[in-house]
Amino acid sequence: MIVCAAVVGPSYNPLHLQTFALDDDPLKYHYIVHCALDVIDERLSPPSPRSRGAGGNDPCLGYLYSTEDFKVYGYVSNTHVKFLLVLDDPETKDVRELFHRFHSAYIDAVSNPFQLPGHSITSRSFEARLRALASS
Amino acid sequence: MRPPELKNWLRGIYTPVVQVIPTTDAEAICLKNGLTFAETLRPFCNLRNLNVPIRTAGEHAYRLQDFKIRILNAKNIEQHAVEVAEEQLTQIVSQAAEVATDEGWSKEKQIGELLNMRRDPTPWFTKYQSEFLNALTFSDHEAFDHPVACLLVVPSTDPDPVKTFLDLYSTHNVPTLIREGIADPQLLKHYVLLHDMQSDVTLERAEQVFIEMKSTLGAGSCQLVAINSRKEPEGDSEHVRPDLWGDLCDPAWQRAAHLSHLGIDSPEELRMGKNGAQLTEDDLVTLDSLVKDFTIKVMLPYMENRVVSLNQQVTDTRKGLKNQLKSFWGYRKEKPKSGPEGQDALAGGGHYAYNSPESQLRILADLAFLLRDYELALSHYRLLAADYKADKAWKRFAGVQEAMGLTLFMTDGARREMEICFDSAFQSYSRCASPNGVGQSPVDMGMARYSTRSMLFLSSIFRSHGMFRDATLPLMRASYQESPLRAALLLEQSAYCYLHSQPQLLRKFGFHMVLAGQRYNSCHQRWHAIRAYTTVLGVYCSKGWAYIEEHLHFALGRQVSFIGDLAGSVQYLVKLLGACSHQPAALQATYLREFLYVMQCLSEQGRPGGDMDPAAAAAAAAAGAAAVAAALPAEDLPLPEVNLERIHVHFHDHRSYASPSAVQVGEEVWSQVEAPVVPVAQAGPTWMDGNKATKEVTNTCVAGEEIGVDVELCNRLQVQIEVSQVRLLCAHEGRAEGEPISDYVEVQEEAISLKPGESSLLRLRLRPLREGVLRIQAVQWVLCSVAPGCKRFRQDPPEGARPGDRATPPHKRLVFTVVPPLPRVEAKLEGLPSVMFEGEIHRCILELSNVARPALQNIKLSTTSPGLLCGHCPQELKGAPPGCLEVGAQEEVPPESCGSLERAVVRDPYTGEIVPAAPTSVPFDSVFVFPPGTVLEGEAQLRWPVWIRSGAAGLLALNLVVYYEPQGACPGPIKYRVLRMGAQIQVNPSVRAEAQLSPCRGDLQRHLLNVHLQSLHPSQQFRVRQLSCLRSTRQELWQLAPLSSPDTLELAPGEQKPTPPGGACGVPLTPSSQSRLLFHLTKGREGAAAGASGAASSLHLEPAGSGRGGAEDADEEAAAAMVDMDHWAVVQFLRRAKAQHLADQAAKQRSNSLTRRPSIQAAGPSQEERADREQVELVLVWEVGADGSAGVASPGGERALSVAGPARMGVHFMHSNSLNAEAPLRCVLEGPSPHRCAAACWEARAPTLRLRARGL
């Protein structure tokens, strides 16, 4: 099950972080998501020969790292917006599909003319869509 | 640490143990130096440059270049209890905290600083690690630490040394390991005869004893050592020898255990710490050679032999085809003899006696390891691992795996295999540590330490190969089941591994450091927690991760305050207050409480409890305030937020305002109102004046007068906050050094309570007392009576604007030129109604009071409102309206006490000449000059009547400016002052009256006046009281006479004729009704009719049926009730109304001329001319009841708009063109009365005729 979904901006600033576990301290997920950025950073930074090959342009980075209880998955858009999902179950679902839905929800949220680019997203409908994503 | 260094380090750890058993006397000799015998030998245990050939199982010998042994007292050869060991380790960490703090480790580091860190960030960890490994020695499942040899020490004074030597090695003196049968009791024994040079026994005697000893015990295993050969008293030696022992001494508690075992009380020398005071250089050489000879000549050959013989034994039983087949078929020797099955067997790995094959194998392998024959060791470890696995002796299995891992590293074996070894060691140890399953409590701490050890080895090996990223995982795994303190240390190490890895994983470093900080925190290692948190502040802060930042700041704030650094704590806590608006209210309240508590403690620091004398208390309070200010500069307090954009300055320069509503009226309106009275202003600097304009622009204010500054305070939290002592901070440039600012400026303090999310505008006041330049610099406050705050105002003009530019409007300027005291008038209009009826005349009292000391003169009033009129003289204040307007109410007033009205003139601002009035200018005499010589002394009052007549229904805005000048010479830049007053009155509709004049049928001199009345008010009853006809422009006076009896009044259908209330006069006009009044208007005959006065002829109207109708019956009383048309106010208002009427007509004319063809316009005299020619001006006076009873309620009982209170009176002006002007031709038929009708027809058709004539 998805316990946390996060959107991180191109300059590694948090745009949105939502937790789905009940009465859980969001602080923990902030730390986990922030930590996962290191891995994303590493995957993105120099075009190593390995990533140059097939699938080098795949936005879905897949599994990033795991903590004691969670596994973190990542996805990067063309505009370098990072999407992260923290999952707490051991078996991996089709995260690619989840990220596609996540991405389109984000696109809809930032298409709002009142959404300032680079600012955190506080849209209620975006939150609702992520909740739906988490419960699916 | 590179791999060779790491190998060296490991060799240093795994060394053979030599046990020392001294007699009590022998130990006493050594204690003269403050050392035990074992300690005395310890500096010489590290042997270098040996080049000793060793030949074990292999064909070829190899050479040892260096070797190290451990010399220990028998009592100390046992594992310390877990609690004791942990206590020791905790102390190391605690001591490191102090060192770390002194060296500034706990400073906040920037990312760059972290990345380029050269020195080891955790120097204490090395020591901790050694101590940790040390604490795990002498375990029962390994043979590394089993004693290999034993030194028996007997003094030369002993009467029978040989017997003593033989007695010395008894069960009483052997270590626990041997006593329990775990270690082999058959040790190499070496006999040392200790000779004390300071004793009575001579060396010769000792040598004699030694020879005797050698013969009995064997020459090779005996040695004579002479020590304490220093003869001269202590301190005479030329050079001071460096302390060789230092760190090598046993901890005090181990020493104490050893000495008490020997029955020696801890002597003085031990405590003095002067190690080796009695030892000369020769003694040291002797000791060195003792150790060296013993090691090389005795111990190493013994070990060699032991390995060879054990190897032979193993080869016989385990190797070869026969033995392998045996083990293949599962044939093994019997199970461990005393090993109980079940839980204990699993946890402890069973009990294997020293002579069991497994133990022998282990001893063999470990000896080979100690002798650095790693290949041999490895092959035996492999054998052993299989055995233990088959026995399910997990602890021993894990120990073997661990040793295998180390051996593989030492031989640079396969890395993967080594990893697997350590991994399985970790897992097996963990399994023993948690009998209920890994990760389940309870965890056996003693056991968990071994698993941690294996992971530490693995991590160190990875690190030595530069594989920092791989090194983190073992540390993390170990940390999961460890005690908080060790977990913290491990996490910190793994954090630094991330930092050193390529590429640098800064965020992971931060995360693990925070985890370490939390662990440190939970085991009360505050310094370390603070260090961990501050190190990562640079990783997280100001990157938008608000939650994390907040967590760090709060944790730091608390920890730093716990260790007593309140000032440092405040620095962190204050950052929370400004940035926690996304948190729930409860958390915000916690933050605020914590912050206030620390601030409170800070301000009370150094204040002793109990009673104090006031001076000391004041001093303590001042010290507390200074401490607070040093910890937190007031500017840094983010609560409440001050909105610098919304600052508004209220002050009086030459302008002042009577009410806040007057401020709202725009400056352009006021400048128009005051233009007629204000002297021509000097033109300001122009662009040609050059740089003069760059001079600072200041506001001007008057000493002693209040300045108000509106400041918006905003509370962003969801918690209510109290803000007290809000005041303005200002500087007075005229102030001399040392004089208190309170002599110059009087500042008022305010207090406010801000609700969650509230922003509130607060008016802060100050009063300059002396002249000079006053600068308002900042606003100060105290939050919750603890934390002082301050916000500086922007003194510079905004970006891009030149200084002195208009970009800073006066209400934003915070610099004032204070001028000497000037008179200041405050005014109010007394009796100003809020609601009036259309056309109503009302008298108010203008009360001017000079609130300052200086006197003022030359008072003028100016207004642009036609409805506002200043009274002629103060006598008009007599009597109550409307009675004061009646004939005879006025007294004769000497002209000098009357003011005068002036026409406003407009002067050219540059030349000062009067320019022709523009058409938009005020069409009436708008300036009232008070009687010459009117002087208002300081703090005096002046009351003056003011008349108000409401115009059309709607909102009536009255703007009035009082102009005055200070009496006498005025040195300052302010030569005059104006007071601006404004008021708004709701005007309700009242009566509409239209007059129509038609010729009288019978009489040429007489006209018929038809007054059409309509009540527009829905509920108020009006009474038409009087009708007056004014003297025309040609000074003709028309006489009014009622046409018929008052029953001509027509009532609205279905309406009852109202009965006039007793005593009231006038024709009642019920709400929303219409009525018609007919009169005769006769020209000429001066003074013929009653009610005629100088300016008008008037008719008093009486209600129908009262019996007093008509002017003929008017008696004295009625005449007195007439409204005086000569009254100043009436006259002026009439004049204004007429001017307004003319202006309206002219405007209409103009708009008509735009649409009409010019040919027709040229045809006859213009409308304007004809209007001038002759007009009948009529005045209708109505009245509203004296109180509620007079104003008759509407049928619905609605009284919303009806007026209660004193009687009110209104005046309407009507204009009607005179018939004289209308008809150029007039035929009058004289005849008897039946023909009047025909004559009327003639008259009526006359206009038609005229028009037709025109048409031709």
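Residues are numbered from 1 along each chain as written, chains are lettered from A in written order, as ligands are numbered from 1. In this predicted model, local features need pLDDT of at least 70 and side-chain atom pairs count only at pLDDT 80 or more, while totals for chains, interfaces and linings use all residues.

**Exercise 1.** Describe how H17(B) packs against H19(B).

*Solution.* Take the elements first. H17 spans residues 394–410 of chain B, and H19 spans residues 445–464 of chain B. Helices are DSSP runs (H or I, at least four residues), and strands are too (E, at least two), numbered from the N terminus. Next, the geometry. The two axes come within 11 Å and cross at roughly 15 degrees. Axes are lines fitted to C-alpha atoms, for helices over the stretch in contact, with angles from 0 to 180 degrees between N-to-C directions. H17(B) and H19(B) are therefore roughly parallel (an angle under 35 degrees). Last, the residues. B:Ala398, B:Glu402, B:Gly405, B:Leu406 and B:Phe409 of H17(B) meet B:Tyr450, B:Ser454, B:Phe457 and B:Ile461 of H19(B).

**Exercise 2.** Work out which part of chain B touches chain A, then outline chain A.

*Solution.* Count the contacts. In all, 13 residues of chain B are in contact with 12 residues of chain A (C-beta atoms, placed from the backbone, within 7 Å). Helices H22 (506–522) and H24 (546–562) of chain B each give two or more residues to that side. H22(B) gives the most, with 5 residues. Now turn to chain A. Chain A has 4 helices and 5 strands. Their order from the N terminus is β-β-α-α-β-β-β-α-α.

Conventions:
Angles under 35 degrees count as roughly parallel, over 145 as roughly antiparallel, 65 to 115 as roughly perpendicular and the rest as oblique. Two residues are in contact if their C-beta atoms, placed from the backbone, lie within 7 Å.
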